[in-house]
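Colleague: Could you give me a close reading of one part of the model shown here, strand by strand and residue by residue? I would like each criterion stated with its cut-offs.

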Amino acid sequence: MPHRKTALRLAAPVTVLALALTACGGGDNTDADAKSPATTEASPSPSQPASGGDMATGESATGKVAEDPGEVTYEVLAQKVDVGTEAEAAKAVADAADAKGKVLATAHIKYTHKSGPALTEGSDVHDGATVFADGQRGGVLIGASEDAPGCEDPYDVESWKQGESHVFCETYVIPAGAASVEVHWSEEDGEPYVWKFPQK
């Protein structure tokens with residue numbers, strides 16, 4: 001089963017990738033509103049249930065992911081974020097200068113297969129996870145998460161049945177001294193669920 005991150009993992013064993021997050025604005029629905037005056041912008045479409053929002057510590061989100069062989073519903077819980085030091089970040093990247101003023105933030109996310117077909121060739125559920133610091137998306141560090149204690153390599157999970165859980169981790173490079181680290185997870189084309197982890 002092809003995974004979106006596999007090619008990046010093979011091409012760049014340990015590399016910092018800067019990611020840009022763009023906001024998508026909604027289109028002008030003046031004509032649609034004129035044809036159906038009862039429609040309000042605040043009401044979600046019946047075919048697209050509302051999702052996303054701020055989550056409390058220990059609170060799980062539920063979302064669907066298109067997998068092979070079919071759609072799977074997962075329960076998702078961001079358990080914690082381990083924030084490292086600048087020295088650790090310098091050792092983890094190819095060019096230590098890229099880590100100046102930066103630290104590694106490793107998010108531990110628990111995924112539970114709630115319903116849908118059993119998986120036999122891995123999962124794409126972790127592709128919906130990102131790490132933010134003080135409202136800005138961090139830079140993903142490819143290949144680092146699998147070695148973190150308590151983390152499983154999602155590419156080693158070849159059999160996943162209903163009721164089973166796995167903890168996958170995402171490691172991002174964030175500014176040192178960030179006041180708040182957030183873990184975001186979203187369904188494809190969905191709004192993100194956000195878990196906040198204030199830093200001391």
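Modeller: The model is predicted, so local features need pLDDT of at least 70 and side-chain atom pairs count only at pLDDT 80 or more, whereas totals for chains, interfaces and linings use all residues. Residues are numbered from 1 along each chain as its sequence is written, and side-chain values use heavy atoms, with hydrogens and water left out.

To set the context, the protein contains three helices and 11 strands; helices (H or I, at least four residues) and strands (E, at least two) are DSSP runs, numbered from the N terminus. Of the 200 residues, 38% count as buried; here buried means under 20% relative accessible area, exposed over 50%, and partly exposed in between (1.4 Å probe, protein chains only).

The part in question is an open sheet of five strands in the order 2-11-10-6-7, with mixed pairing. Two strands pair if DSSP finds at least two bridges between them. Strand 2 and strand 7 (136-137) form the edges with a single partner strand each, so one side of each has no neighbour in the sheet. Further inside the order, strand 6 (residues 129-133) and strand 10 (residues 180-185) run antiparallel and are joined by five bridges. Within that pairing, F132 stands opposite E182 of strand 10. In a regular strand, side chains alternate between the two faces of the sheet.

Most residues other than glycine have a negative phi. D134, in the loop between strand 6 and strand 7, has a positive phi near 50 degrees and is partly exposed, at 46% relative accessible area. D189, in the loop between strand 10 and strand 11, likewise has a positive phi, of about 65 degrees, without being a glycine. With a relative accessible area of 79%, D189 is exposed.

A salt bridge (a side-chain nitrogen of Lys or Arg within 4 Å of a carboxyl oxygen of Asp or Glu) joins D54 and K196, at 3.9 Å from N to O. Because D54 belongs to strand 2 (residues 53-55) and K196 to strand 11 (residues 193-198), the pair ties together parts that lie 142 residues apart in sequence. D54 is exposed, with a relative accessible area of 57%, while K196 is partly exposed at 41%.

A search of the whole structure finds two salt bridges; another pair is K80 and D82, also given as 3.9 Å from N to O. K80 is partly exposed at 39%, as is D82 at 36%.

As for the other pairings, strand 4 (residues 71-83) runs antiparallel to strand 3 (residues 61-66), with six bridges between them. V65 has V72 of strand 4 as its bridge partner, and a hairpin of four residues connects strand 3 to strand 4. Strand 4 also runs antiparallel to strand 5 (residues 102-115), through 10 bridges, with E75 opposite T112 in strand 5.
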